[in-house]
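Let's take a look around a protein together, one spot at a time. Have the sequence and the 3D view ready, and click along as you read.

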Amino acid sequence: MIVPVTDEQELRSRRARSFGAQAAAYAEHRPDYPLEALRWGLPAEAAHVVDLGAGTGKLTEGLRALGLRVTAVEPDEGMRAEFGRLLPDVPVLDGTAESIPLPDASADAVVAGQAFHWFDPGPALTEIARVTRPGGTFLALWNHDDMTVPWVAEFGELTRTSISRSWRSFSGELPSHAQWEPFERSHFRHTQRRTAETLLATVATHSHMLIAPPEEREATLARLREFLARTPETAEGEFDLPLMTTAMRASRR
Ligand SMILES: C[S@@+](CC[C@H](N)C(=O)[O-])C[C@H]1O[C@@H](n2cnc3c(N)ncnc32)[C@H](O)[C@@H]1O
C-alpha cells in the first residue's frame, strides 16, 4: 500500500534516506565532478579533506586524483558498504554533517557533493567550522543537467514526478554564517559519456524516483525512453550528456 506523503519534513527525510537501497546503481551511474571545480574550492596547501555525505565515493575519487588524503563521513549503512567495496583504503565513518566524528581543526577542507541540501544548514555549518582549521574551506558541489541545451531542458521537464519539488538545491540565496567568510558560487561545464539506457539508470537513482509510487516510476521511465529514442542527439549509441557543476565555497574565519 502506498501511504500518501503530506508532510514536507517527512518527505525530505525519506528522500535523504532513500539512497542506500540503490547504492550499487548509484555508484555505477552518477557522474563524477570536474577537477577544476575541486581546485577552485580547496585551499592552496590542502592535505587532508573530509568528504561529507560521501555516498559511494564519487567525490572522494576526484579528491584522490588530486593527491589528497580523504576521510569520508556518511550516515547511510548501504552507501558506506558500497564505498568500502569501491575504495577499501579510504576510511569511511558513520556520521552526519550535524555531528562529524572528527577532532576540532583536523581538516584543511570539508567537501560535500550533491549533499548540502540534505543538511540542516545552520548546525551543519557550525559543525563543519569546528572540524575545519582556520583558513581552510568548505566546498559544496552539485552536478546537474545543462538546461541551456534545448533537448536536455525538455528531458528534464519529462523527468518530473509528483514527488519532484521546484526548489533547486544549487541556486537561490547563498548561506551566511558567522564562522565563514562570505560564500561564493561558480559554474563549471562538464559532460558524461552516456547511452539512453545508462541515462535512464541514473534518473532511477534520483531520490524523487526512489520514493515515487512504482507505477509512476515505471510510467516516467517509459516516457523518457520514448523521448530519447526519437531525439536525434540521443537516438543511437553513445553521446555526451551536457552537464553543469555548480560549486559554492567559503573560507573558515
Ligand atoms: C545524492 S547522495 C551524494 C553522494 C556523494 N557525495 C556523491 O557525490 O555521489 C547524498 C548523500 O548524502 C547523505 N546524507 C543525507 N543526509 C545527510 C546528513 N544530514 N549528513 C551527512 N550526509 C547526509 C546521503 O546518505 C547520501 O549518501
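Let's start with arginine 217, which sits in helix H10, the stretch covering residues 214–230. Keep in mind that this is a predicted model.

Is arginine 217 buried, partly exposed or exposed? Its relative accessible area is 21%. Buried would need a value under 20%, so arginine 217 counts as partly exposed. If you skip its neighbours within four places in sequence, arginine 217 is in contact with Met209, Leu210 and Ala212. Now try finding arginine 193, which is 24 residues away along the chain. The C-alpha atoms of arginine 217 and arginine 193 are 24 Å apart.

Next stop: helix H8, made of residues 196–203. Four of its residues, Leu199, Leu200, Thr202 and Val203, are buried. They span an arc of only 155° around the axis, so they lie on the same side of H8. What do these buried residues pack against? Their partners are helices H2 (23–29), H7 (150–159), H9 (207–210) and H10, plus strands E6 (184–194) and E7 (239–251).

Zoom in on threonine 202, which belongs to helix H8. With a relative accessibility of 6%, threonine 202 is under the 20% cut-off, so it counts as buried. Leaving out residues up to four places away in sequence, threonine 202 touches His29, Arg30 and Arg194.

Now for the ligand. How many residues surround it? There are 21, and the closest are Tyr33, Gly53, Glu74, Ala97 and Gly113. Sorted by type, the shell around the ligand has 11 nonpolar, 5 polar and 5 charged residues. Here are some polar contacts to look for:

| Residue | Protein side | Ligand atom | Distance |
|---|---|---|---|
| Tyrosine 33 | N or O atom of the side chain | oxygen | 2.4 Å |
| Glycine 113 | polar backbone atom | nitrogen | 2.8 Å |
| Glutamate 98 | polar side-chain atom | nitrogen | 3.1 Å |

And how much of the ligand does the protein cover? On its own, the ligand has 600 Å² of accessible area, and the protein covers 95% of that.

Note on methods: Residues are numbered from 1 along each chain as its sequence is written. This is a predicted model: local features need pLDDT of at least 70, side-chain atom pairs count only at pLDDT 80 or more; totals for chains, interfaces and linings use all residues. Side-chain values use heavy atoms; hydrogens and water are left out. A residue is near a molecule or strand if one of its heavy atoms lies within 4 Å of it. A polar contact is a pair of N or O atoms within 3.5 Å; within protein, one must be able to donate a hydrogen and the other to accept it, and residues adjacent in sequence count only if both atoms are side-chain atoms. Accessible areas come from the Shrake-Rupley method with a 1.4 Å probe; for residues, only the protein chains shown count as cover. Ala, Val, Leu, Ile, Met, Phe, Trp, Tyr, Cys and Pro count as nonpolar, Asp, Glu, Lys and Arg as charged, and the others, Gly among them, as polar. Helices (H or I, at least four residues) and strands (E, at least two) are DSSP runs, numbered from the N terminus. Buried means under 20% relative accessible area, exposed over 50%, partly exposed in between (1.4 Å probe, protein chains only). Contact means heavy atoms within 4.5 Å. The arc is that of the directions from the helix axis to the C-beta atoms.
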